[in-house]
Each structure stands twice: as structure tokens, then as C-alpha cells.
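Let's take a walk through a protein model together. Have a look at the sequence and the 3D view first, then read on.

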Amino acid sequence: MIIIGERINGMFKDIAKAINDRDPGPVHEWAKKQEYNGAHYLDINVGPSSTEPVEAMKWLVEVTQEASDLPLALDSTKYDAIEAGLKLCKQPAMINSVPAEMAKMERVFAMAAEYGAEVIGLAMNEEGIPKDADMRVGLAAELVATADAFGIAPDMLYIDPLVLPCNVAQDHGPEVMRTLREIKMISDPAPKTTVGLSNISQGTKNRELINRTFAVMAMANGLDSAIADASDDELMAAVAAARIILDMDIYCDSFVDVFKQRNR
Amino acid sequence: MAVEILKEKYRGKVGEVVLGATKENGGTRSHTITVGGETALPFLHFEGEIPNRPVVALEVWDINPEWNPCFDDYYGDVYDDAGAWAKKCVEEYGADLIQVRLKGADPDLNDYSPEDCAATVKKVLEAVSVPVMVIGCGKAEKDNTLYNPIAEAAAGENLVMGVAELENYKSVTSACMANNHVVIAQSPIDINICKQLNILIAEMSPAMSSRIIIDPTVAALGYGIEYSYSIMERARNGALQGDKMLAMPMYGNAGFESWRQKEANISDEEQPGWGEQAERGILWEATTAMAYLQSGIDILVMRHPEALKVIKGNIDDLMKDNSY
């Protein structure tokens with residue numbers, strides 16, 4: 001599973017402070033740590049409280065790239081900030097994210113085509129997050145079709161079926177699983193899939209257990225990637241085991257270590 | 001409209017390993033041999049690169065091996081002299097490299113000392129200029145006493161030494177690490193152990209991960225060849241899909257295994273219906289080796305010069321570019 005490391009995010013106090021003070025220390029530290037722990041991409045989010053998102057994004061992209069060569073996932077609802085970040089990325093990045101709303105898709109897919117970026121597409125539109133799988137798959141198909149019109153291949157897309165906390169929207173769980181399966185039937189090549197893993201456990205007890213259980217269930221249903229905490233050892237161990245059971249890696253006794261150390 | 005042929009694309013690549021060392025690199029070989037480097041399944045030149053041809057070794061023992069009498073015409077005069085034997089293999093029979101099997105070190109046979117064994121290896125190195133592989137007698141306790149003296153005596157030569165096994169890999173690996181030799185990692189027809197052993201060796205020294213040759217254990221035709229084949233196929237597929245801990249060149253003792261079997265050895269008198277013994281044995285060995293070429297082997301260790309000739313012709317054919 002492709003791990004998009006979630007930690008460089010202004011939602012976290014240390015990163016918010018680092019952005020505010022223009023202090024590269026914590027950003028370097030988290031970039032290195034997540035890479036060491038096996039992240040494949042680093043999510044870059046200036047946080048909700050930033051008053052100058054474009055400048056903050058530019059700074060965060062440059063500072064992160066000083067510490068890690070991993071590709072970045074530029075995470076913002078402000079597309080000017082994403083575009084400013086894309087210009088600075090040393091290698092093709094990922095845009096996080098766009099909903100299935102025409103005006104936004106036109107802006108984001110044009111940008112993705114220009115910079116060769118991958119895109120996380122959200123299975124939602126102006127009406128919000130659908131309740132069932134059918135609607136979600138319908139929106140995923142709109143994302144795939146619109147991307148295609150901009151010359152973006154389906155496998156450059158990561159469709160996020162959108163996960164709600166399991167304590168407030170329990171009935172969404174099975175719908176998300178079905179969505180993950182059916183997204184793979186939209187096109188050939190199929191789009192990839194992703195989730196914001198920790199959303200499933202917002203406000204619950206035993207968050208790590210819920211996160212990793214969800215991760216392996218979703219993998220069995222076709223999940224390709226997740227925005228997650230790469231330093232959660234138990235999560236990484238569960239993912240490593242799921243990869244063995246799904247015949248994605250050849251078993252050996254050190255299978256957990258091999259998976260965790262794949263970036264080193 | 002032209003038909004577009006579907007081609008498989010692989011992410012991974014088998015690592016390249018250099019065998020032997022010339023004067024510039026501290027050895028005395030006239031040339032080195034590079035194995036591995038494949039980016040496609042065996043001989044599918046149209047899907048990727050097969051940059052190095054598989055190579056064929058002949059085996060030399062440090063005692064009279066008491067092989068089938070059909071070998072007497074080829075090696076009978078040199079059984080008692082490993083150097084002359086090796087020279088004959090290279091100069092007359094066209095072996096790409098030599099594998100010395102130190103069978104005489106076996107405590108139940110001649111119980112040769114580590115010094116005797118190092119001297120034998122030196123003798124072979126002096127007699128031939130091709131890269132040399134050295135394996136022990138097969139009894140771990142004794143073999144562990146041999147590795148260091150041999151590795152030191154041949155320091156700089158970039159030998160291939162073996163064998164490392166899951167329960168006994170440290171001695172030979174540290175001897176190779178300290179003296180820059182290549183190690184043979186042997187697993188008993190088991191992909192999981194094969195991968196685990198490579199990991200353990202690489203853990204001892206990351207530099208060793210590019211100095212491992214996989215011996216998946218090859219069986220002879222009729223004795224489980226399909227098991228070996230499927231393990232090697234799985235390892236190579238894993239390597240091409242990016243599993244670095246399986247992305248090493250592979251090696252197999254096709255000669256040794258084939259000539260252990262009755263089909264290669266039983267006389268014409270005993271089995272008149274099976275065809276003439278010498279020819280039958282050669283074919284048994286060549287057919288076994290051919291199957292392993294198809295499963296991705298990089299180094300074949302053979303025994304009969306006529307079988308080697310057949311296989312070299314086979315490799316010539318398979319290395320012809322079939323890309324389009």
C-alpha cells in the first residue's frame with residue numbers, strides 16, 4: 001500500500017508554529033522521520049488557520065524538499081496555493097484534492113495536465129458526501145471521465161470514497177468497502193484508490209486499532225493507498241501482513257521489517 | 001490497422017554481480033564475468049534487457065571423484081591433480097569458469113586440512129585464468145573451518161564461495177565480507193527461506209546484498225525439476241516486480257544432480273531398453289540444464305564436456321535477439 005505521510009500539516013501545533021516562525025526544524029524532522037518509516041509521498045498542508053496560504057505552501061514545499069526526495073502531495077482547498085507549490089516541486093507531485101464539481105475539476109485537471117501531477121479525486125459534489133456506494137461510484141466515474149477529457153489517464157487518479165467516523169456514520173462502512181471494489185470496474189486501467197485513514201476513528205476510543213483494522217479490510221477490497229501515519233508501527237505491521245495474505249509480497253520471516261525498511 | 005503486441009513492463013531488475021578480479025582490481029584473472037542484470041523473463045529480449053549471457057562452469061574435485069567410467073576418457077588423467085583438471089576444463093572443454101568442490105575435506109573421506117584446501121584453491125587459480133567458485137565438502141562443521149583460510153589465501157580474486165544456509169550462513173559470509181568475495185546463498189527449494197537468507201546476509205553487511213548468488217537448489221530431471229523450476233520462476237518474477245531481496249543472479253549444480261540419478265548411470269546391460277549409457281547420461285544432464293536456462297539461471301555448473309557443448313549451443317541460440 002502506498003503511504004502518503006500525513007504529519008506535515010498545519011493542523012498539528014508544531015507544524016503550525018514552524019510555518020508561523022519560518023522555522024524549518026520540525027518540518028525537516030518530520031520529513032525525514034516519515035521517509036525513514038516507509039512513507040512513499042509526503043502530504044503538505046499549511047493548515048486551516050494560515051492567513052497567507054500561497055506563501056506558506058511555497059515555504060513548506062521548499063523546506064520539505066531540503067530534507068527528503070519523496071514526491072509531495074499538495075493538500076489544500078486553495079488551488080492558487082497548490083499551483084504555487086507545483087511550480088516548486090522537483091518531481092511530479094500529487095494534488096490533494098478535487099471533488100466531482102465541474103468548475104473545480106476544470107481548474108485542477110488543467111493544472112495536473114500541465115505539471116504531470118497525480119490527483120486525488122473525492123467522491124463528493126456540491127451536495128456533499130453520498131450515503132451509498134452507487135452515488136459514490138457515479139461521482140468517481142465523473143472524475144475519471146473529466147480527467148480523461150484533459151488527457152489524464154485513469155491511473156493518475158486516486159479516488160477517495162470518503163470515510164466518515166465509524167461512531168457517527170456506521171452505515172457508511174460497508175458502502176465504502178463496496179465503493180472501493182466497484183471503482184476498479186470503472187475503467188481499464190482502473191483508477192487508484194485512497195482514503196484519509198484516520199477519519200474512520202475520529203472521536204472514538206482505541207483509534208489505532210480501528211485505523212489498522214479498517215486499513216486491512218480496505219486493502220482486501222482494493223485500496224491502493226492511504227493518507228496515514230507512517231510511524232504507527234502496528235499499522236505498518238498490519239499492512240505488511242495484509243500484503244502477504246493478498247500475495248502482494250513474497251513471504252519471508254522478516255516480512256514486517258522488510259516492509260518497514262523498504263525506503264532505507 | 002497494425003496490431004499492437006502487448007508487452008509486459010517490469011519495475012525491477014536483477015542485480016549484476018561480477019565474478020573474478022583482474023590485476024587492476026587486485027586479482028590475477030585474465031577477465032571477469034558479469035552475471036544477472038535481466039529486466040525481463042528469460043530470453044524475452046523483446047520485453048527487456050538480457051545484458052549478460054548465462055555462463056557454464058565445469059566442476060573440479062580435490063579427490064578422485066569415482067564418477068561413472070564414461071568420464072574416464074575426459075578426466076581420467078587429471079583426477080589426481082586439481083590444477084591440471086581445471087586447465088583441461090577451460091582449455092579443452094570451454095568452461096567459462098571453474099567450480100572447485102572440496103569433497104576431500106570431508107572428515108569421513110580424506111579429511112583435508114583448511115591449509116590443504118587453500119592450497120588446492122591456489123593451485124586452481126594458478127592453473128587457469130577464468131573466475132573460480134569454491135564450495136565445501138557439504139558438512140557444515142568442517143566447512144566453517146575452511147572459509148576463512150581460503151578467503152584469505154585468495155584475497156583479491158573475488159571468488160564465489162559457498163554455501164551459506166539459513167542455519168549456517170555467518171562463517172562463509174564473514175569470510176566473504178572480509179576478503180571481498182561473492183557468497184552463494186543456498187535454500188532448500190523454498191522461496192521463503194531463499195528470501196530470508198538473503199535478508200540475513202544483507203543485514204550482516206549491506207554491501208553483501210550485491211555480492212549474493214542465489215542457489216535455489218536444483219533437482220535433476222525426473223527428481224523434482226518442476227519444483228525447482230517454479231521456485232525460480234517465482235523468485236525471478238518477484239525480482240522483476242521490485243522485490244530487492246530476490247533480485248540476485250541464480251546458480252545451480254545441474255551436473256552434480258543429474259549424475260546422481262540412475263537414469264544417467266545404469267549400464268546398457270542392465271537396462272537395454274534405455275539406450276546407450278554415455279549418450280543417455282549426457283542427455284539427462286543437458287536436458288536438466290536446459291530447463292534451468294528457461295527458468296532464469298545465470299550460472300550453470302555442469303560435469304560432462306559433451307553436455308556442456310550442447311548447452312553452450314543452446315545459450316547461443318537463446319541469446320539471439322528476438323526483439324521486435
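**A barrel, a sheet and a meeting point**

In chain A, 8 strands close into a barrel, in the order β1-β2-β3-β4-β5-β6-β7-β8, with parallel pairing. From one strand to the next, the twist averages 30° (angles run from 0 to 180 degrees between N-to-C directions, and axes are lines fitted to C-alpha atoms, for helices over the stretch in contact). Strands here are DSSP runs of E with at least two residues, helices are runs of H or I with at least four, and both are numbered from the N terminus. Two strands pair if DSSP finds at least two bridges between them.

Some housekeeping: this is a predicted model, where local features need pLDDT of at least 70 and side-chain atom pairs count only at pLDDT 80 or more, while totals for chains, interfaces and linings use all residues. Residues are numbered from 1 along each chain as its sequence is written, and chains are lettered from A and ligands numbered from 1 in the order in which they are written.

Back to the barrel, let's zoom in on one pair. Strand β4 (residues 94–99) of chain A runs parallel to strand β5 (residues 118–122) of chain A, joined by 5 bridges. A:Met94 has A:Glu118 in β5(A) as its bridge partner.

Now hop over to chain B. Here you'll find an open sheet of 8 strands with parallel pairing, in the order β8-β7-β6-β5-β4-β3-β10-β9. Because β8 and β9 (251–252) of chain B stand at the edges with a single partner strand each, one side of each has no neighbour in the sheet. Helix α6(B) packs on this sheet and touches β6, β7 and β8 of chain B, its direction making about 145° with that of β7(B).

What does β8(B) pair with? Strand β7 (residues 182–186) of chain B pairs with β8(B) in the parallel sense over 4 bridges, and B:Gln186 stands opposite B:Asp215 in β8(B). To get from β7(B) to β8(B), the chain crosses through helix α6 (residues 191–204) of chain B in a right-handed β-α-β crossover (with the strands pointing away from the viewer, the path from the first strand over the helix to the second runs clockwise).

Finally, where do the chains meet? 7 residues of chain A are in contact with 10 residues of chain B, contact being C-beta atoms, placed from the backbone, within 7 Å.

Conventions:
Two residues are in contact if their C-beta atoms, placed from the backbone, lie within 7 Å.
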